Amino acid sequence: MDSIRRVLVAADKFKGSLTAVEVAERVTAGLRRVVPDLRVEALPVADGGDGTVDAAVAAGFERREIRVAGPLGQEVTAAFALRGDTAVVEMAEASGLQRLPAGVLAPLTASTYGSGELLRGALDAGARTIVFGVGGSATTDGGAGMLSALGARFLDEEGEPVPPGGGGLDGLARADLSGLDPRLDSVELVLASDVDNPLTGPKGAPAVYGPQKGASPDDVEALDAALAHYAKVLEAAVGVRAAEHAVAPGAGAAGGVGYGALLLGARFRPGIEVMLDVLGFAPALERADLVITGEGSLDEQTLHGKAPAGVAAAARAAGKEVVAVCGRLALPPEALGRAGIRRAYPLTDAEPDVATCIAEAGPILERVAAAIARDFLT
């Protein structure tokens, strides 16, 4: 099609194989194998989960690194992104599953304290708007650790701090939020997440996400009771808004860190929508004739707020054609069509062996992108 002069590559990571930046590089290389002088604009995207800071840095934000507590208290180097007075903070950088020692899961004791330290680092850097991307967490502590790092106190009957993690909240007697960092009052905090679960109950953080973090059925029950108790104690401390936030969409995100963010006055928005705004997607979309999006697995979850669905929806609204790349395709053509994706190109079409696709994702993705170029650009 002669009419296509510029392609926008706006894909998420292929988890475990390629970062979003690497996906964009490989797709660009594959397209240019077929159309050497093609104008390609790369805008790696993320939906608030792991990879969000990298996407912001690729879009021109400055990477800032600080030392914070990991989920089990060990010190780690974590990054946030800053441009002007806007910061992008990714809680997985401090409190994500990838921060646990190899093979160790700690559903009852993992803490979001380091995520609070990251937020404090963004405040120290002068941020007036903070996009707080949550997902991929190792934690189910309702954001208690994060709030503690920002000046809140959670005390037992003896007036001692309760132990870290969601499990320790069953001994909570009193919450004191009067010491929260005063700078939080003058900052716009945006909770960016692709899940809208409440804090507790059958669709709450422990029940839905606890098992992914190593929680047994007994652990799930204990965590759900502890978080419900935590919300009750907070209601006594700050009033009815604590109860309202517990059932609000996004409260259950990332083990309930969404609830902690809502208590800080955060505004909940779908992660991909926020990130497309922050990354400057709209002007890039305007310049494009064809959009290529994607992620590791295009499946039912993709349709519920993941990056490719957000990109495709925005592109369709602008009248732009969208194709997708992925490692694995588990959606029928009609579901793709409803999402605004004209066609998907899985790596498994080029290489049927899944293990090879994972190990050699980069070169295979270049071949797939060359196929897109032949189908759409020549």
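**Pockets, hairpins and a glutamate**

Guide: By class, the second largest pocket is lined by ten nonpolar, four polar and two charged residues. Nonpolar here means Ala, Val, Leu, Ile, Met, Phe, Trp, Tyr, Cys and Pro; charged means Asp, Glu, Lys and Arg; the others, Gly among them, count as polar.

Visitor: Where do these numbers come from?
Guide: This is a predicted model, where local features need pLDDT of at least 70, side-chain atom pairs count only at pLDDT 80 or more, and totals for chains, interfaces and linings use all residues. Residues are numbered from 1 along each chain as its sequence is written, and side-chain values use heavy atoms, with hydrogens and water left out.

Visitor: Which residues lie nearest the centre of the second largest pocket?
Guide: Gly145, Ser148, Val162, Pro163 and Pro164, out of 16 lining residues. A pocket is an open set of points on a 1 Å grid over the protein atoms alone, where a 1.4 Å probe fits, with protein on both sides within 12 Å along at least five of seven lines; lining residues have an atom within 4 Å of a point.

Visitor: And what volume does the largest pocket have?
Guide: About 1100 Å³, counted as the space filled by probe spheres set on the points, which are joined across faces, edges and corners. It has 39 lining residues, and the closest to its centre are Lys13, Lys15, Asp50, Gln301 and Lys306.

Visitor: New topic. How many bridges join strand 3 to strand 4?
Guide: Eight, and the two strands run antiparallel. Strands are DSSP runs of E with at least two residues, numbered from the N terminus. Two strands pair if DSSP finds at least two bridges between them.

Visitor: What about the hairpin of strand 4 and strand 5?
Guide: Two residues lie between the strands, and Gly84 takes a positive phi near 60°. Four bridges join strand 4 to strand 5.

Visitor: Is Glu41 buried or exposed?
Guide: Glu41 counts as buried because its relative accessibility is 17%. Buried means under 20% relative accessible area, exposed over 50%, partly exposed in between, with a 1.4 Å probe and protein chains only.

Visitor: Which side chain makes a polar contact with Glu41?
Guide: The side chain of Arg287, at 2.6 Å. A polar contact is a pair of N or O atoms within 3.5 Å; within protein, one must be able to donate a hydrogen and the other to accept it, and residues adjacent in sequence count only if both atoms are side-chain atoms.
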